[in-house]
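Thanks for coming. I will go through one structure today, starting with a charged side chain and working towards the core.

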Amino acid sequence: MNIIIINHFMKTNKLNFAVFGLKQIMVLVTLCLLSSGFVACSDDDKDEPEIPAEAKSFSFFSDSTTPNDWVYFSFEKGDSVVIDKANAAKDQSWDIAFQRYYVRTNCGTSGEGQGGALDTKETSFDAVTVVPTSGFIVDAVKPMMTVMGKNEERTLNPAFQTPNNDSNSWAWYYYMEKRWDYNNNVFIIKTADGKHYAKIIMKQYKNDEGKSGYIKFDYVYPFK
């Protein structure tokens, strides 16, 4: 009888040890799985590096000498926008506007936005990597040539200047010398909301046939 009890006790303890060992293994496996899950979640939570925006081009035709005939452009839409030009100053849907070789930004005397422009003096997008914290110029009333040899006081952004002439424009034609002067520097444009930025380079004013008013600019948006 005693032997039976001892044998039963030994068998029971072996079973308990086996069950206890199995529980330990299950706990360890569970912990490993949870740990792997945490690592995976941690990896997923890491911010992926932001891919810079690619440069794009926009072309349009503008040869009108009418002072109020501007082409308005939105960087967010990546296209020109049709607005009520009589109320352009109150409209927040445009960031930059062009009238031949003159430029407006939505700020100052041109609009109620928080825009502006800055000439970086660089000539390639790759050379401009940081948004400046100051130096943006707002629109003001300046001389603007409406017809050959005649200037009128109009609102525009005076940050756009040709290298050899105080023209208030990014392009200028020297009639006597029969040559054009261009500013093809990288400009940083602050959008109408004052919260976003774009890089632009004015590329051309004449098409392949030499006709004026065929404007093209390259831009990067958003620029951070």
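Lys 85 has a relative accessibility of 40%, so Lys 85 counts as partly exposed; here buried is under 20% relative accessible area, exposed is over 50%, and partly exposed is in between, with a 1.4 Å probe and protein chains only. Its side chain meets that of Asp 69 in a salt bridge, at 3.1 Å from N to O. A salt bridge here is a side-chain nitrogen of Lys or Arg within 4 Å of a carboxyl oxygen of Asp or Glu. Lys 85 sits in the loop between β3 (79-81) and β4 (96-99), and Asp 69 in the loop between β1 (56-61) and β2 (71-74), so the pair ties together parts 16 residues apart in sequence. Asp 69 is also partly exposed, at 31%.

A word on the source. This is a predicted model, in which local features need pLDDT of at least 70 and side-chain atom pairs count only at pLDDT 80 or more, while totals for chains, interfaces and linings use all residues. Residues are numbered from 1 along each chain as its sequence is written, and side-chain values use heavy atoms, with hydrogens and water left out.

On confidence: pLDDT is the predictor's confidence in each residue, from 0 to 100. The chain has a mean pLDDT of 84, with 78% of residues at 70 or more. Residues 1-20 stay under 50 and have 0 contacts beyond four places in sequence, a contact being heavy atoms within 4.5 Å. Where pLDDT is low, the predicted coordinates should not be read in detail.

Overall, the chain has 1 helix and 13 strands. These are DSSP runs numbered from the N terminus, helices being H or I of at least four residues and strands E of at least two. Of the 224 residues, 38% are buried. Among contacts between residues at least 6 apart in sequence, 52% join residues at least 24 apart.

Back to charges. The whole structure has 5 salt bridges. One of them joins Glu 177 and Arg 179, at 2.6 Å from N to O.

Which residues touch the most other members of the largest nonpolar core? They are Phe 75, Phe 160, Trp 170, Ile 200 and Phe 217, out of 36 residues. A nonpolar core is a set of buried Ala, Val, Leu, Ile, Met, Phe, Trp, Tyr and Cys residues joined through side-chain atoms within 4.5 Å. Strand β12 (residues 197-206) supplies the largest share of this core, 4 residues. Not counting residues up to four places away in sequence, Ile 200 touches Phe 75, Phe 160 and Phe 217, among others.

Is Thr 162 buried or exposed? At 5% relative accessibility, Thr 162 counts as buried. Thr 162 is in the loop between β8 and β9 (171-174). Beyond four places in sequence, its contacts include Trp 170, Trp 172 and Asp 181.

For contrast, Met 148, in the loop between β7 (140-147) and β8 (150-156), counts as exposed at 62%.
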